[in-house]
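The sequence and structure come first.

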Amino acid sequence: MSLVTATFIALALCFAPAPGAAATLSARRPLRGNDTLVSAQGKFELGLFSPAGSSDGRLYLGIWYKNIPVQTVVWVANRVTPLSTVVSAELRVSPDDGNLELVGPTNASASPVVVWSSNLSS
């Protein structure tokens with residue numbers, strides 16, 4: 001099993017919605033801007049973040065521990081290509097192939113571009 005496949009499966013299992021939860025990610029409902037998803041047991045959170053102490057506006061898609069005082073990030077998607085603003089940023093399910101895609105503006109492109117994808121093939 002590839003690392004990408006394992007990551008995708010872990011995300012799907014870890015962030016399955018808790019009973020009665022309204023926050024989910026689907027083809028019809030992308031995760032936008034400052035929205036986050038919380039794991040079923042409430043231990044992890046997925047969303048956009050800026051590194052602690054950073055003032056240059058870099059934004060990353062990551063997973064961090066939810067209930068500890070200092071944000072501790074455990075996974076980062078777009079480490080190489082950070083987003084430049086939360087405006088028009090979204091994590092979505094690709095309509096073409098069903099992959100997860102992080103889309104948004106970067107320092108190199110003011111218009112939204114795909115900066116990260118799960119890149120799973122069928």
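## Aromatic pairs

The structure holds four aromatic pairs; rings of Phe, Tyr and Trp (its six-membered ring) pair if their centres lie within 6.5 Å, and planes under 30 degrees apart count as stacked, over 60 as edge-to-face and the rest as tilted. The ring centres of Phe-49 and Tyr-60 are 5.9 Å apart and the planes stand at 40 degrees, so this pair is tilted. Because Phe-49 lies in strand E3 and Tyr-60 in strand E4, the pair ties together parts that are eleven residues apart in sequence. Strands (E, at least two residues) are DSSP runs, numbered from the N terminus.

Phe-49 and Tyr-60 are both buried, where buried means under 20% relative accessible area, exposed over 50% and partly exposed in between (1.4 Å probe, protein chains only). Together with Trp-64, Phe-49 and Tyr-60 form one aromatic cluster.

## Model and conventions

This is a predicted model, in which local features need pLDDT of at least 70 and side-chain atom pairs count only at pLDDT 80 or more, while totals for chains, interfaces and linings use all residues. Residues are numbered from 1 along each chain as its sequence is written, and side-chain values use heavy atoms, with hydrogens and water left out.

## Strand E4 and its partners

Strand E4 (residues 60–65) has five of its six residues buried, so it is largely enclosed by the rest of the structure. Strands pair if DSSP finds at least two bridges between them. E4 is joined to strand E3 (residues 44–49) by six bridges, and the two run antiparallel. Within this pairing, Trp-64 in E4 stands opposite Glu-45.

E4 and E5 also run antiparallel, joined by three bridges. Here Ile-63 has Trp-75 in E5 as its bridge partner.

## Surface patch

Which residues form a nonpolar patch on the surface? They are Tyr-65, Ile-68 and Val-74, with about 250 Å² of accessible area together (Shrake-Rupley method, 1.4 Å probe; for residues, only the protein chains shown count as cover).

Val-74 is placed in strand E5 (residues 73–76). Its relative accessibility is 44%, so Val-74 counts as partly exposed.

## Loop contact at Thr-106

Thr-106 sits in the loop between strand E7 (100–104) and strand E8 (113–117). With a relative accessible area of 9%, Thr-106 is buried. Its side chain reaches the backbone nitrogen of Ala-108 at 3.2 Å.

Conventions
Patches are made of residues with over 30% relative accessible area and no salt bridge: like charges are joined within 9 Å, nonpolar side chains (Val, Leu, Ile, Met, Phe, Trp, Tyr) within 5 Å. A salt bridge is a side-chain nitrogen of Lys or Arg within 4 Å of a carboxyl oxygen of Asp or Glu. Helices (H or I, at least four residues) and strands (E, at least two) are DSSP runs, numbered from the N terminus. A polar contact is a pair of N or O atoms within 3.5 Å; within protein, one must be able to donate a hydrogen and the other to accept it, and residues adjacent in sequence count only if both atoms are side-chain atoms.
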